[in-house]
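Have the sequence and the 3D view ready as you read.

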Amino acid sequence: MSGETDLKTLVESLHPVVREGAYVYALWPHGRPLEGAIEAAVREAEGLTVVLHRDEADRLGLNYDFVASWITLQVHSALEAVGLTAAVSAALTHAGISCNVLAGFHHDHLLVPSADADRAVEVLRLLARGVVLRSERPEDRPEILELTARAFSVSPVTGEPVEGTPIEVGLLRELFECSEYIPDFSIVAEMGGEIVGHAISTRGWIDDLELIALGPIGVLPPFQRRGVGSALMRETAARATAAGEPGIALLGSPLYYPRFGYVPATTVGVQPPEEVWGDHFQLLTLPEWPDGVRGTFRYAEPFNRL
């Protein structure tokens, strides 16, 4: 059976599957006969590199540094297919995930850091749907502001059309320029080179504790309810966790955001800037969340001018 060569078909059919266990790269000792359950090998002038289960490497007494999860792309790609490796590596690069590629006769295989395996699978599944997440660039801003105007043309509070320019557009323009802006937490979702979604997080505080505030989040109306907003939510949480942020605050529906792990902020000792917000002001605590936090949340300055 010949492999697929059409890039669009390949990307849409990735179907990433994680193999069980942890894998490592090791340099095989010179002159030692091969033994054990070696999964892959590459001979170079400097020596023989082998890939195998970490447990097997330990049993054989091999040294290693990189511990990885093995992801197989189930699509049957032809060896002469052009662009699949570039598309996959670019999507993972935008997500800050390192990747080592092994090409087999039937499938391509990726070795990614074990801690990033679940996120890598999500990035690949998004790629199969045509979605790529990356950090915002300054030249994106006119397109993002236009996206935001379209995304909030109907009020998320009243459900009625908004007259004039939505306030989220002016807020976002100010957030881009304020001192609390954090470039790595301004994330766009692209489909076919078009920006279809955007989420920004800026610096916030509970007394002296720094954390981040998520919002506004905008998705073009034709792409709403297609997982773009959810992908931006999860990407924000992943980046915040990797950066050692203690938590993320947001103002939004208490019926929607708990699916991402958010709880009413008051349940963890944090008061909203406005008491009337009640359970709509929510918090996601991350692994670096300290014990005993109490206080009132403060947003970046542009929010105070709304």
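## The second largest cavity

The lining of the second largest cavity is made up of five nonpolar residues, one polar and one charged. Here Ala, Val, Leu, Ile, Met, Phe, Trp, Tyr, Cys and Pro count as nonpolar, Asp, Glu, Lys and Arg as charged, and the others, Gly among them, as polar. You can find the lining at Leu73, Leu84, Thr85, Val88, Val101, Asp108 and Leu110. H3 brings the largest share, three residues, and both helix H3 (84-94) and strand S7 (108-113) supply at least two. About 40 Å³ of space lies inside.

## Where the model and terms come from

This is a predicted model: local features need pLDDT of at least 70, side-chain atom pairs count only at pLDDT 80 or more, and totals for chains, interfaces and linings use all residues. Residues are numbered from 1 along each chain as its sequence is written, and side-chain values use heavy atoms, with hydrogens and water left out.

A cavity is a set of points on a 1 Å grid over the protein atoms alone where a 1.4 Å probe fits but cannot get out, and lining residues have an atom within 4 Å of a point. Helices (H or I, at least four residues) and strands (E, at least two) are DSSP runs, numbered from the N terminus.

## The largest cavity

How many cavities of 30 Å³ or more does the structure hold? There are two. The largest has about 60 Å³ of space, where a volume is the space filled by probe spheres set on the points, joined across faces, edges and corners.

Its lining consists of Ala91, Ala95, Val123, Leu126, Val131, Val132, Leu133 and Glu235. Helix H4 (117-128) and strand S8 (131-135) are the elements giving two or more residues to this lining, and S8 gives the most, with three. By class, seven are nonpolar, none polar and one charged.

Methods:
1 Å grid on protein atoms, 1.4 Å probe; cavity = no way out; pocket = protein on both sides within 12 Å on 5 of 7 lines; lining within 4 Å.
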